[in-house]
2 protein chains.
Amino acid sequence: MANHQIQLMNEARARASFDSRELTHLIYGGAEAVQVRNVAFARMEKALHSSATNKLPAVLGEAGRSAQYMDGLQFGQAMLKERLVNGQSVFDFMTPRYYFANASPFGLHFLMFIPALKLLGSPEQLAHWVPLAESGKILGTYCQTELGHGTFLRGLETTAIFDKVADEFIIHSPTISSTKYWPGGLGYSSSHAIVMARLIISERDYGVHPFIAQLRSLEDYTPLPGVELGDIGLKLGHNSNDNGYAVFTHFRIPRTQLLMRNAQVLRDGTYIAGTNSKLMYGTMLFARRIIIDSVYFQLAQAATIAIRYSTVREQGNVAFDASESAEVPILMFKSQQYRLFTIMARSFALLFASKHAGALYEEMIAQQANGNNSMLPHVHATLAGLKAYATQTSADGAEDGRKCCGGHGYLAMSGFGNLVPTVTAMATLEGENYVMYQQVARFLVKCASSRREDLHDDLQYLLSPVKTSISAGADFLDPGIQSDVLLQRALCLVDEYAEALRVSQTRDRLSPAQAWNLHMMGLISAARAHIEYVVLDAFITAVRQVKAGPIHNVLQRVCSLFALSCIESPQGLGFVGDRSLSEHHLRRVRTAVNVLLEEILPDAVALTDAWNFSDASLESALGCRDGDVYERMMRWTRQVPLNLAAAKTGGVFRPGFEQYIRPILKGKL
Amino acid sequence: MANHQIQLMNEARARASFDSRELTHLIYGGAEAVQVRNVAFARMEKALHSSATNKLPAVLGEAGRSAQYMDGLQFGQAMLKERLVNGQSVFDFMTPRYYFANASPFGLHFLMFIPALKLLGSPEQLAHWVPLAESGKILGTYCQTELGHGTFLRGLETTAIFDKVADEFIIHSPTISSTKYWPGGLGYSSSHAIVMARLIISERDYGVHPFIAQLRSLEDYTPLPGVELGDIGLKLGHNSNDNGYAVFTHFRIPRTQLLMRNAQVLRDGTYIAGTNSKLMYGTMLFARRIIIDSVYFQLAQAATIAIRYSTVREQGNVAFDASESAEVPILMFKSQQYRLFTIMARSFALLFASKHAGALYEEMIAQQANGNNSMLPHVHATLAGLKAYATQTSADGAEDGRKCCGGHGYLAMSGFGNLVPTVTAMATLEGENYVMYQQVARFLVKCASSRREDLHDDLQYLLSPVKTSISAGADFLDPGIQSDVLLQRALCLVDEYAEALRVSQTRDRLSPAQAWNLHMMGLISAARAHIEYVVLDAFITAVRQVKAGPIHNVLQRVCSLFALSCIESPQGLGFVGDRSLSEHHLRRVRTAVNVLLEEILPDAVALTDAWNFSDASLESALGCRDGDVYERMMRWTRQVPLNLAAAKTGGVFRPGFEQYIRPILKGKL
């Protein structure tokens with residue numbers, strides 16, 4: 001018989017206005033894609049013994065560093081098997097539990113090692129290395145970051161000095177700060193790496209170039225002479241990955257292991273400059289593209305867990321007296337609706353923005369194949385900005401979803417124990433977000449003084465005149481109005497700070513760098529405003545393409561909530577004052593938001609179902625589809641290793657009692 | 001010889017305009033208090049072998065669940081020794097590493113068990129139990145929260161049925177959701193607990209009452225018959241504490257273990273109602289008071305680590321071409337200054353707000369001793385609101401400080417691995433923040449229609465008329481103006497939503513609960529605005545009391561930055577539009593902020609020094625006082641247990657290689 005929580009969940013699910021399976025197809029690109037995906041997930045979960053929801057997932061038990069690494073190797077191996085044996089690539093960047101390759105020691109093999117090889121290697125090099133990598137005969141990672149140097153490529157210190165006599169490069173770490181530090185899988189899992197180092201010939205420094213190096217024996221995996229390898233220790237998350245360090249001491253590789261698609265070094269030491277100095281950024285672009293296409297899943301997972309939990313968790317409102325204290329599901333409270341539906345809306349917004357960015361990226365790749373690099377600055381800025389926006393939005397949303405689950409959200413078994421630190425990592429890796437926004441701002445400032453015919457459609461609006469007002473009776477549920485408000489904000493901010501930069505340089509005679517530094521916070525807010533407009537525009541466009549019917553209607557509401565929460569939210573500051581919106585407008589926005597929350601409420605659980613997360617992939621006692629929260633929590637709690645161990649010794653944790661507690665009780669401190 | 005990073009740190013420290021030791025005295029209440037504190041910390045760190053900064057702290061190594069619990073027992077025991085043997089109470093609520101009692105299995109003994117006993121026990125009960133507890137002969141915790149019930153006291157399900165024949169109470173968990181769940185130290189560390197349960201006599205339910213129960217044998221710590229005890233498993237943080245669960249099955253305690261200072265049950269089953277039904281909230285008030293007085297230390301730790309790291313970490317600005325790419329300490333970038341100095345300013349703001357709240361609390365306790373409870377509603381609202389504001393501010397700030405350290409901030413050895421999850425826990429425990437703000441809002445709405453003579457000084461402003469504008473030439477560095485802006489925002493919002501509630505009830509005929517739900521988000525923003533005004537007011541008042549001189553000047557700047565970041569920050573939305581500030585004003589605010597950042601920069605490191613954190617208590621390779629970041633990181637990295645183990649087997653992690661990697665390389669998947 002269904003208990004009370006299961007009943008609440010069934011009732012909530014039955015209220016939906018649409019068929020969640022149809023929306024699933026829209027998310028993943030059709031019924032067939034969903035079917036293939038479901039089969040792959042089922043196979044993976046079988047291999048990992050993770051499908052039984054009555055068992056505490058092993059990784060939530062004892063979870064020491066080595067155990068977590070072994071766990072990562074296990075699902076990393078299963079992921080490779082999917083690719084190599086079953087031809088399934090969905091797990092290249094996702095795993096059932098973690099939804100991102102950074103969790104697996106072999107994640108960078110597909111995310112960066114192979115793409116970088118393909119991008120940077122000459123045809124002969126590709127012919128040699130790619131088959132080895134794609135068959136799993138070698139396992140690679142990508143070595144760029146150093147202990148003292150991150151995103152700033154030109155600051156790297158590792159040297160690769162050409163030894164003409166031996167026809168070799170000597171890779172060397174000249175300082176402590178040049179230690180390669182952070183690459184995923186570098187500690188103990190990778191046999192090879194692409195190493196970024198300064199190419200030096202006859203004492204002349206040609207700047208940073210890519211090299212491929214074998215780091216470990218393929219027989220017994222001992223490090224080759226001249227390289228010290230190790231793990232960088234516990235992290236806030238991703239401990240299933242052995243992010244590592246490498247210290248090179250006059251480590252030799254053949255000259256032919258400079259990746260030579262672009263620049264080349266000949267046998268006699270002649271350096272032939274490449275024609276495309278931007279090629280090296282390709283790997284970064286690809287990685288950011290994948291990040292953007294991953295984090296909204298994590299955000300949607302957070303929304304799923306928290307909405308389902310809020311559907312069955314009951315509480316009275318403590319702000320009232322006993323007379324009004326009937327307990328209701330906490331999703332009935334407006335603050336809970338606002339927070340959770342907004343998180344859900346953002347996950348859809350990022351989904352559609354990612355599809356938009358993916359199309360742009362593919363268009364650029366196609367043009368580049370024909371030698372046309374003209375889209376690069378636009379795509380670079382869009383991916384940098386979306387990377388910052390999507391990761392920050394997802395990190396904030398996941399953490400707020402955690403808080404929406406109250407104390408229980410703090411348990412590892414809530415699912416947030418892995419989710420929050422995993423998604424929050426994305427805000428700093430592969431480009432710190434404040435740096436990303438500055439790159440967008442720099443691009444926008446340039447665009448603002450460009451000719452119309454040089455600008456991509458997405459950027460045309462930057463040449464429009466700033467409008468001053470929106471009518472008092474504006475309908476904020478109209479997507480046209482919503483889009484216009486975000487457009488105006490972006491336009492105003494870009495205008496304001498482009499002008500501020502100009503004035504600081506001309507009137508106040510600051511250098512470009514000084515002027516930039518002075519207006520940095522404003523420029524970042526302009527970049528963010530632009531990206532938010534791009535995201536909304538992608539969402540609105542996607543909804544327009546859905547045929548009339550229940551799916552269209554629910555997405556329309558979710559899209560409106562996203563738009564209005566951007567306008568009304570803390571970041572909405574730029575809208576008000578002398579600009580387009582008055583306090584009167586904001587009151588209308590707040591009223592519209594309340595209407596939307598009311599309309600979305602019956603569809604809340606169906607929206608979580610639409611993402612089609614398997615219970616195993618959520619790894620959450622709070623977020624399972626059936627809503628059976630308390631029974632499952634107690635079942636999992638009783639399986640905690642500490643409890644199983646104590647049960648064998650009379651319900652006492654003996655080592656702790658003997659060593660610490662007994663002396664206290666006996667007064668023997 | 002000092003390396004480059006140490007030199008950068010020395011130079012930065014030398015630029016200070018004030019003596020950091022003087023500010024230390026101000027923070028901790030005088031030179032003598034600082035001296036006593038330093039001695040206690042040195043003794044504690046010696047006991048825990050944690051003072052050597054060239055060693056990787058053990059807890060950052062392997063860190064499985066049991067190891068973390070053993071670690072918690074170790075410092076919990078050391079903490080008890082400080083109290084019982086050395087008479088030092090500073091560690092009752094702080095430990096050298098974690099700065100909060102929730103990290104230790106014995107933390108609730110002093111934080112809740114003893115205070116609750118004192119508050120709720122009759123004189124005879126105190127005479128019996130308090131000496132046992134204060135000597136450490138029993139170790140107690142506080143059992144309120146249940147699996148299905150949190151802050152909402154009236155929802156608790158555990159029953160205590162009076163058995164007149166045996167003169168006993170029968171404590172029982174009638175449902176799964178009534179399982180006691182979460183109390184710190186309940187799993188395996190506590191011998192006794194105060195248990196909140198519904199008192200039932202002859203089938204009549206008298207509501208929730210406090211009972212004291214022995215849970216484990218004092219001889220061998222086995223659970224007594226009728227209670228199942230265990231750990232609730234891994235959490236996002238605080239894994240050194242065995243937060244636990246308890247299932248009671250007709251568990252019997254003597255009638256005299258109902259804590260009877262208030263209500264009593266006589267031998268014949270007669271129930272004598274207490275005169276003070278609010279007494280039970282006293283423990284919650286005390287716990288919130290301690291939380292408010294703890295979290296700003298964690299925020300200050302985050303600021304300390306990130307400012308020191310940013311002083312020695314160098315990077316070029318990637319937004320520029322190579323020609324402008326000189327590497328500078330990242331603290332030179334305005335975005336880094338804005339984020340970090342704001343975090344530092346908030347830690348000072350919360351310090352002074354906590355001192356203000358502490359004084360209020362003490363005043364109330366003194367009045368209550370004379371039978372006067374009139375301050376309770378005000379103190380309750382202030383502590384609830386400050387609890388929400390302080391914990392959210394600290395959690396957000398700690399996480400942003402982590403992000404300011406880029407990728408390295410994600411390492412456990414950054415110090416953020418413990419800090420971020422520890423402080424973020426505070427936002428949900430002991431009262432979820434959105435619930436806390438609603439309690440404040442409810443109080444404010446009442447006050448807004450009170451008579452002036454019934455309001456405490458802090459609340460008088462609620463009866464002022466709303467002003468409409470601030471002059472165009474307003475000096476935003478003037479504390480009077482700053483305070484006025486925050487006051488006006490709070491006043492407007494309280495006014496607006498008190499009126500909205502009234503209209504919804506009278507015109508739209510909603511019930512009080514419906515009206516409240518409709519305007520919930522607005523009411524929460526009104527409460528937050530009030531609390532932010534209270535915090536700024538406390539900061540301004542504290543700065544005024546510092547005598548003229550360098551300390552006064554630096555605190556004045558920090559206070560101004562706090563005020564202006566409240567106005568200009570995302571939460572500043574309520575200032576604009578039809579209200580008091582225009583876009584023109586905001587531009588003036590931004591200019592003033594830039595001036596403040598410039599002025600605070602030379603004092604940044606000295607401000608971190610003023611908090612007087614020992615290196616051991618920061619547990620951070622990035623935040624040590626000497627600035628020697630890279631050398632220390634590599635030293636600690638090489639001590640990672642995984643690396644020490646692999647070094648013994650040729651630099652290979654054998655179990656992983658044999659089980660997972662070799663089969664991949666050999667194509668045997």
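The model is predicted: local features need pLDDT of at least 70, side-chain atom pairs count only at pLDDT 80 or more, and totals for chains, interfaces and linings use all residues. Residues are numbered from 1 along each chain as its sequence is written, chains are lettered from A and ligands numbered from 1 in the order in which they are written, and side-chain values use heavy atoms, with hydrogens and water left out.

## Interface

The size of an interface is often given as the accessible area lost when the parts come together. Here chain B and chain A bury about 13,200 Å² between them, with 62% of it on carbon and sulfur atoms; buried area is the accessible area (1.4 Å probe) that two parts lose on being put together, summed over both. On the chain B side, 157 residues are in contact with 157 residues of chain A, where contact means heavy atoms within 4.5 Å.

Between chain B and chain A there are eight salt bridges. A salt bridge is a side-chain nitrogen of Lys or Arg within 4 Å of a carboxyl oxygen of Asp or Glu. By class, the side of chain B that touches chain A has 72 nonpolar, 50 polar and 35 charged residues. In this classification Ala, Val, Leu, Ile, Met, Phe, Trp, Tyr, Cys and Pro are nonpolar, Asp, Glu, Lys and Arg are charged, and the others, Gly among them, are polar.

## Salt bridges

Over all chains the count comes to 62 salt bridges. The table gives some of the pairs.

| Pair | N to O distance |
|---|---|
| B:Glu219 and A:Lys666 | 3.7 Å |
| A:Asp167 and A:Arg267 | 3.4 Å |
| A:Glu432 and B:Arg339 | 3.4 Å |
| A:Glu532 and A:Arg528 | 3.5 Å |

A:Asp167 and A:Arg267 form a salt bridge at 3.4 Å. A:Asp167 lies in the loop between strand S2 (159-163) and strand S3 (168-172) of chain A, and A:Arg267 in the loop between strand S10 (264-265) and strand S11 (271-272), so the pair ties together parts that are 100 residues apart in sequence. Helices (H or I, at least four residues) and strands (E, at least two) are DSSP runs, numbered from the N terminus. A:Asp167 is buried, with a relative accessible area of 19%, while A:Arg267 is partly exposed at 40%. Buried means under 20% relative accessible area, exposed over 50%, and partly exposed in between (1.4 Å probe, protein chains only).

The salt bridge of A:Glu432 with B:Arg339 has an N to O distance of 3.4 Å. A:Glu432 lies in the loop between H10 and H11 of chain A and B:Arg339 in helix H8 (residues 334-369) of chain B, so this pair joins two chains. Both A:Glu432 and B:Arg339 are buried.

A:Glu532 and A:Arg528 are four residues apart in helix H14 (residues 520-544) of chain A, a separation of about one helical turn. A:Glu532 is buried at 3% relative accessibility. Elsewhere, A:Arg13, A:Arg308, A:Asp609 and A:Arg625 are linked in a network of salt bridges.

## Annotated site

UniProt places the feature "active site" at A:Glu430, in an unreviewed entry; UniProt positions are given in the numbering used here, feature names are shortened, and annotations may be inferred rather than shown by experiment. A:Glu430 lies in the loop between helix H10 (416-425) and helix H11 (433-448) of chain A. A:Glu430 is partly exposed, with a relative accessible area of 25%. Leaving aside neighbours within four places in sequence, the contacts of A:Glu430 include A:Met112, A:Arg288 and A:Lys387.
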